[in-house]
Amino acid sequence: MLIDAAQLTAEQTAIVGMGQRNQLVFATAGSGKSSVLAHWVLARLKQGATPDRILCATFSHTGRKRLETLLQGRGAGAPKVHTVHAVGFAACKKLVDTGWLHSMPKVLNPAEPDDAETLRGHLFATMAKLAESRSDLEAIDPTNQNCDDLLHLFDRIKAERKFADFSSDDWHDEWAAERLGIEARTLALYIEFERLRRLHGFYTFADLIHEPLQLLAREPEARRDLAGRYDFAVLDEINDLSLAQLQLLRAVLGRKAVMVAVGDESQCIHAQQGADPSLMREQFAACFHDLHEGQLSGSFRFGPELAHAMYQFMQRAKPEPRVVCRSLSKQSTRIVRMYRDEEPEAVVGVLKKVLDEGRMLQDYAVLFRAPADAIATEYALIAAGIPYQFVDTPPFGQRNEEAGLLGMLAMGGKRLHRLPEARRAFLLEAAMGLMAPGLSRAIDAQSGRADWLQKGLQQLAQQPDILVDFDYLLRAAEKLCDTYPNSPQARRRAERLIQQRATLLGLEDDAPAAASLIAMLEIFEVEDELGRMLIDREKLAELRHALHQTIDFFARQGWSIATALSELEKLNTYSARRTSRQGAQLLSYTQAKGHEWSVVILPGLTREKLPRRQLGNWLDSARHSLTERRLFYVAATRAKDALVLIAPQDEALKLSMRQAQYSAPPADHRASRFLYELQLRAARDAGKPA
């Protein structure tokens, strides 16, 4: 609900009242960013502006719905709110209407099954064509999941590329390797896929931004026809914008439109999608003339103790945020510290007390650095009978990486044939994706698809009797040799499949689940296979983390293969029953952005899990560390009444918490170093009434 204009703070009033000059507003979490933009729009309408001459744009659908609700609450006549990609679509339509583009392209949405299948089909065809001339593409894994990851990486290239430096057919391998950390074969795929995409005349969402900019670079005169539609504009969530998105917005607005843009650079967590907080500091001034900088430093969400802790924490970021966070909340936000080596039991204890006291569980959120970190907690919640809801992510056993391990366990324990057909098919496909992605490299030359593998998986799911003795691995080996009769690599892989079958036959039901999985991962060379997969390397790190977290959970439970499969199938069944909108909310730090809860619980604050360690040298260390810091900032600032921090027993941390000054963690610290940097003693003193 939009607050009355009389209740605006001095900072907010100054922004709303400035309607004749471009503004860039640096904000903090919970400072009423969307409300200020809504009041700014209403002020322009009162001054005589018409709704169709005001552009309202946000980065996400969540932000769009929030701003739209605030504007519509004041009656009819409010302008529509668009996402940045919707602005790109409108720009394409304008360029078609003015003759700069020949026709409106078909936009393929990866979220729609038919469109996703079409995109994958084009990518399969691209792989098949390039595999004829490039030997390094023999290691491509054209599974559906990997195709989706490749398409995501292609979109990121478009978001980050310096389109003004070269034309659409002039690509620079050196720039791609340095800026994106991708291999030459990936870039070759990208170039060929782009040629195929243009030939067939379809767009992805990234092309709604990319293609108009390409046209404007070639035809500067088109800028005059594109600009001029708007007199005013509000831009929300600008901390998530890529350079390409910012420059398209600049082209759409032209020189005459008056713009106000708001963002929190400490919440820039989508670096892998091209977001860059330096855009707020550098590029906005270059794009928009006569730019006035403002700020929204007061948070209405949380109290002074948390505000001071987050201020101290983000002061260690380089560069430091422009805004000094202060609390405007009428209530305090307690920071509760819990030292427990068994994190799931600690979470259950907190939520069980909530139930006993008759409070609403949906006001409580349990946030994890990654979905895979929630495995043990979800199992503990089910065992305790506490309802919960996963937000924007499937529960354990339905995520591909974890399902792959369950499928491997079921295969090794000779139990896959006992499962229902639908579940068996899902686990089998996920397991084969981990165990033998090379099988799908035998691409059908005519269709460009690995149809024989998909059909084989369907047959396996429908004929469980042939699963017991693993004859399908023998059949796969034969098919591989028949498809690549002259390939030494195919012959070696077929020999390994036969050896792997012998190993699987030797596994017993009572073998330890964790040790068996580790052995199977080594046997099937899963780590090496994953390293060769052509996917975004951060996604690769997330996948490896999920595998290790799952195995670690099995090891701590001490389950055999038979027990693990039995317990986890129960979990898969119970999770559907326990999932409830009235339950506690479970989600990752990234998914928590844009939300708030009365109480936020942060388990997993260990040295190993936060900040996530950088794997390899592919990612700039400073950028990676800064992203981890911003993720923790986003998670912690979702709390209104209380923030519960769950860390392992760490005597050095306890001592640090009692000190007024920051003390660096010792070499043998167990808790996350981020907890040392919160300086909670100083934050608690700052939160006391004067």
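**Entry 1: the largest cavity**

I began with the lining of the largest cavity, to which helix H13 gives the most, with 3 residues; helices here are DSSP runs of H or I with at least four residues, strands are runs of E with at least two, and both are numbered from the N terminus. I note that this is a predicted model, in which local features need pLDDT of at least 70 and side-chain atom pairs count only at pLDDT 80 or more, while totals for chains, interfaces and linings use all residues. Residues are numbered from 1 along each chain as its sequence is written, and side-chain values use heavy atoms, with hydrogens and water left out.

I then looked up which elements supply at least two residues of this lining, and found strand E1 (22-27) and helix H13 (304-314). The volume of the largest cavity is about 110 Å³, a volume being the space filled by probe spheres set on grid points that are joined across faces, edges and corners. Of its 15 lining residues, I list Thr28, Ser266, Pro321, Val323 and Tyr633 as the closest to the centre. A cavity is a set of points on a 1 Å grid over the protein atoms alone where a 1.4 Å probe fits but cannot get out, and lining residues have an atom within 4 Å of a point.

Sorting the lining by class, I noted 9 nonpolar, 3 polar and 3 charged residues (Ala, Val, Leu, Ile, Met, Phe, Trp, Tyr, Cys and Pro count as nonpolar, Asp, Glu, Lys and Arg as charged, and the others, Gly among them, as polar). In the structure I recorded 7 cavities of 30 Å³ or more.

**Entry 2: H14 and H15**

I turned to helix H14 (residues 343-356) and helix H15 (residues 375-384), which pack at an angle of about 45° with their axes 9 Å apart; axes are lines fitted to C-alpha atoms, for helices over the stretch in contact, and angles run from 0 to 180 degrees between N-to-C directions. H14 and H15 are therefore oblique to each other, since angles under 35 degrees count as roughly parallel, over 145 as roughly antiparallel, 65 to 115 as roughly perpendicular and the rest as oblique.

I found that Pro344, Val347, Val348 and Leu351 in H14 meet Ala376, Thr377, Ala380, Leu381 and Ala384 in H15, contact meaning heavy atoms within 4.5 Å. The residues of this contact comprise 8 nonpolar, 1 polar and no charged.

**Entry 3: H9 and H11**

Last, I looked up helix H9 (residues 207-218) and helix H11 (residues 243-253), which pack at about 60° with axes 9 Å apart.

Methods:
1 Å grid on protein atoms, 1.4 Å probe; cavity = no way out; pocket = protein on both sides within 12 Å on 5 of 7 lines; lining within 4 Å.
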